[in-house]
Amino acid sequence: MFYKEVPEGIILYVKAQPGARKDAIVGEWADSLKVLITAPPEKGKANEAIVRLLAEKLGLKKSAIRVISGETSRDKRVLIQGISHLELNTLLET
């Protein structure tokens, strides 16, 4: 399972692949959500791109999503607020 519900919201486990040809959410991969992003892994650009992509896909403001660990790693934990796990599953399937 690529997420965990916590009192603050949902923690999403993300496997990032920076420098991809396009921004996309690929699907579940090894208990994480694999996310492709065109941004390079430097100066937080990849993290910003992940937040922007998730906000767009989930219909949330960027302020409702933040990287809480793994800022310099491909394996990240992202806190998402303002959405239920059922909504998360539905929106990520489309």
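This is a predicted model: local features need pLDDT of at least 70, side-chain atom pairs count only at pLDDT 80 or more; totals for chains, interfaces and linings use all residues.
## Basis of the values

Local features need pLDDT of at least 70 and side-chain atom pairs count only at pLDDT 80 or more, while totals for chains, interfaces and linings use all residues. Residues are numbered from 1 along each chain as its sequence is written, and side-chain values use heavy atoms, with hydrogens and water left out.

## Overall fold

The protein contains 2 helices and 6 strands, arranged along the sequence as β-β-β-β-α-β-β-α. Helices (H or I, at least four residues) and strands (E, at least two) are DSSP runs, numbered from the N terminus.

The C-alpha atoms occupy a box of roughly 30 × 25 × 25 Å along the principal axes. Of the 94 residues, 40% count as buried (under 20% relative accessible area, with exposed over 50% and partly exposed in between; 1.4 Å probe, protein chains only).

Asn47 is located in helix H1, residues 45-58. Because its relative accessibility is 13%, Asn47 counts as buried.

Leaving aside residues up to four places away in sequence, Asn47 touches Val67, Glu71 and Lys76 (contact: heavy atoms within 4.5 Å). A polar atom of the Asn47 side chain lies 3.0 Å from the backbone oxygen of Glu71.

Notes: A polar contact is a pair of N or O atoms within 3.5 Å; within protein, one must be able to donate a hydrogen and the other to accept it, and residues adjacent in sequence count only if both atoms are side-chain atoms.
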